[in-house]
Amino acid sequence: MASRAQNSGGRQTTDHDVIRKWTEERGGKPATVKATEEDGHAGILRIDFDPPDGGLDRVGWDEFFEKFDEAGIAFLHQDRTKNGELSRFHKFVRR
């Protein structure tokens with residue numbers, strides 16, 4: 001799946017380049033929830049924005065996308081708010 005529009009004004013994608021670009025344009029970093037990490041493997045995925053969230057571990061893109069693909073999820077995101085500002089709204093959803 002590349003990208004597809006949602007009724008809510010959001011887009012859903014599994015394209016790594018789209019996810020990375022969206023995240024970096026907003027100053028975000030790939031991360032996982034510390035409490036969900038197991039045996040050195042990434043836990044639940046998140047995007048962390050400054051200031052860093054103490055409950056998250058920032059990870060590299062390779063580790064992030066390995067877990068993303070393994071989990072079989074998609075990235076739902078909004079590009080702009082209703083008033084045209086850059087949006088940070090996103091969530092991970094089942095495909």
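1. In general, an α-helix has 3.6 residues a turn, so residues three or four places apart point the same way. Please keep in mind as you look around that this is a predicted model.

2. How are the rings of tryptophan 61 and phenylalanine 65 arranged? By the ring-pair rule there are eight aromatic pairs. The pair of tryptophan 61 and phenylalanine 65 is stacked, with 5.2 Å from centre to centre and 20 degrees between the planes.

3. Are these two residues buried or exposed? Tryptophan 61 has a relative accessibility of 11%, and because buried means under 20%, tryptophan 61 counts as buried. Phenylalanine 65 is buried as well, at 9%. Phenylalanine 65 also pairs with phenylalanine 64, this time edge-to-face: the centres are 5.3 Å apart and the planes 80 degrees. Phenylalanine 64 is buried too, with a relative accessibility of 0%.

4. Ring pairs join Trp22, Trp61, Phe64, Phe65, Phe68, Phe75 and Phe92 into a cluster. Leaving aside residues up to four places away in sequence, tryptophan 61 touches Ile19, Arg20, Thr23, Glu24 and Pro30.

5. What makes up the largest nonpolar core? This core has 12 residues, among them Ile19, Trp22, Leu45, Val59, Trp61, Phe64, Phe65 and Ile73. H1, E4, H2 and E6 are the elements that give two or more residues to this core. The largest share, four residues, comes from H2.

6. Helix H1 (residues 16–25) is worth a careful look. Its buried residues are Ile19, Trp22 and Thr23. Viewed down the axis of H1, the buried residues fall within an arc of 95 degrees, so they line one face of the helix. Asp17 and Lys21 are exposed on the other side of H1.

7. What do the buried residues of H1 pack against? Their partners are H2 and the strands E2 (11–13), E3 (29–33), E4 (45–48), E6 (73–77) and E7 (90–94).

8. After H1 comes glycine 27, whose phi is positive, near 75 degrees.

How values were computed. Residues are numbered from 1 along each chain as its sequence is written. This is a predicted model: local features need pLDDT of at least 70, side-chain atom pairs count only at pLDDT 80 or more; totals for chains, interfaces and linings use all residues. Side-chain values use heavy atoms; hydrogens and water are left out. Rings of Phe, Tyr and Trp (its six-membered ring) pair if their centres lie within 6.5 Å; planes under 30 degrees apart count as stacked, over 60 as edge-to-face and the rest as tilted. Buried means under 20% relative accessible area, exposed over 50%, partly exposed in between (1.4 Å probe, protein chains only). The arc is that of the directions from the helix axis to the C-beta atoms. Contact means heavy atoms within 4.5 Å. A nonpolar core is a set of buried Ala, Val, Leu, Ile, Met, Phe, Trp, Tyr and Cys residues joined through side-chain atoms within 4.5 Å.
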